[in-house]
Amino acid sequence: MSAVQGFLAAIGAAVLSLCAAAGALAIFTANGVRHVFLPPWYPAEIGRQLMRIGYFSLPVVGLTAFFTGAALALQIYIGGARFNAESVVPSIVAIGMVRELGPVLGGLMVAGRVSASIAAELGTMRVTEQIDALTTLSTNPFKYLVAPRLVAATLAMPALAFVGDIIGILGGFAVGTARLGFNGSTYVRNTWDFLTTEDIASGLWKAAVFGFIIALMGCYHGYSSGRGALGVGRATTNAVVSASILILASNYLLNEIFFTS
C-alpha cells in the first residue's frame with residue numbers, strides 16, 4: 001500500500017469511527033428520551049437525583065457566579081471609562097450574567113461535577129455487572145438509571161442558573177458599590193430597568209438544554225464504559241470533555257436561534 005493510500009485509509013477509518021460514535025449516541029439519546037415519557041416512572045429516584053445534581057451543586061455554582069459578576073463589573077468599568085460610559089456597568093453585568101455567563105459557566109461547572117459523577121457511577125455499575133443484574137430482574141436500565149437523571153438535570157439546571165444569575169448580579173453590585181463608587185439604589189435601578197423577561201427566559205432555556213447535555217454525556221459514557229478501572233476512568237474523562245464541548249457548541253447555536261427569532 002502506498003503512502004497516499006495509507007493516508008486515505010486512515011482518514012476513512014477516522015470518519016467511519018466518528019459516524020459509528022454519532023450513531024450510537026443518537027440511538028442512546030432516542031432511547032433515553034423515549035423512556036422519559038413512558039411508564040413506569042420512579043419519582044423517588046428523580047427526587048434523589050434532583051438533590052444530587054441541583055442542591056449539592058449550589059455552592060460551586062454560587063461561588064463561580066459571584067466572582068464572575070465581580071470580575072465582569074471591574075472589566076466593564078475599565079472599558080467603559082475609556083468612552084465615558086461607566087454608567088453602563090450595572091446593565092451590562094446583568095445582561096451578560098443572565099443571557100450568557102450565568103448558564104454557560106454554571107453548566108461547565110456542573111458538567112465537571114455531575115457528568116463525572118454519573119459516568120463513574122454507571123461505569124462502576126457496568127464493571128460490577130449491576131446493570132446486567134437490573135435486566136435480569138426485569139428492570140429496564142434506561143428507565144431506572146438514565147431517564148431519572150435526564151429529567152433531574154433538565155429541571156435542576158434552570159433553577160441553578162437562576163440562582164447563579166442573582167448571585168452574579170450581587171457580585172457586580174458588591175464591587176460596584178464598594179470599589180467603583182456607584183450608588184446602591186442607582187445601581188439596582190439601572191439593573192432592573194435594562195433587564196427584560198426575554199433575557200431571563202433565554203438564559204433559562206439554555207440552562208435546560210445544558211442540563212440535558214450534562215446528564216446525557218454522563219449516562220452515555222458511563223453506560224458504555226469499558227471493563228476495569230481504566231475503562232471507568234476513560235468514561236469519566238470523556239463525559240466531562242464531551243459535555244463541556246457540547247455546551248459551548250450548543251450555546252452558539254442557541255444564540256443564533258434567539259438572535260434570529
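Phenylalanine 28 is buried, with a relative accessible area of 7%, where buried means under 20% relative accessible area, exposed over 50% and partly exposed in between (1.4 Å probe, protein chains only). This is a predicted model, in which local features need pLDDT of at least 70 and side-chain atom pairs count only at pLDDT 80 or more, while totals for chains, interfaces and linings use all residues. Residues are numbered from 1 along each chain as its sequence is written, and side-chain values use heavy atoms, with hydrogens and water left out.

**Surroundings of phenylalanine 28**
- Leaving aside neighbours within four places in sequence, phenylalanine 28 is in contact (heavy atoms within 4.5 Å) with Phe142, Val146, Leu216, Cys219, Tyr220 and Tyr223.
- Phe28, Val110 and Ile214 touch the most other members of the largest nonpolar core, which has 37 residues; such a core is a set of buried Ala, Val, Leu, Ile, Met, Phe, Trp, Tyr and Cys residues joined through side-chain atoms within 4.5 Å.

**Aromatic rings**
- The structure holds ten aromatic pairs, a pair being rings of Phe, Tyr and Trp (its six-membered ring) with centres within 6.5 Å, counted as stacked with planes under 30 degrees apart, edge-to-face over 60 and tilted for the rest.
- Phenylalanine 28 and phenylalanine 142 form a tilted pair, 5.0 Å centre to centre with 50° between the planes.
- Phenylalanine 142 also counts as buried, at 11% relative accessibility.
- One aromatic cluster is formed by Phe28, Phe142, Tyr220 and Tyr223.
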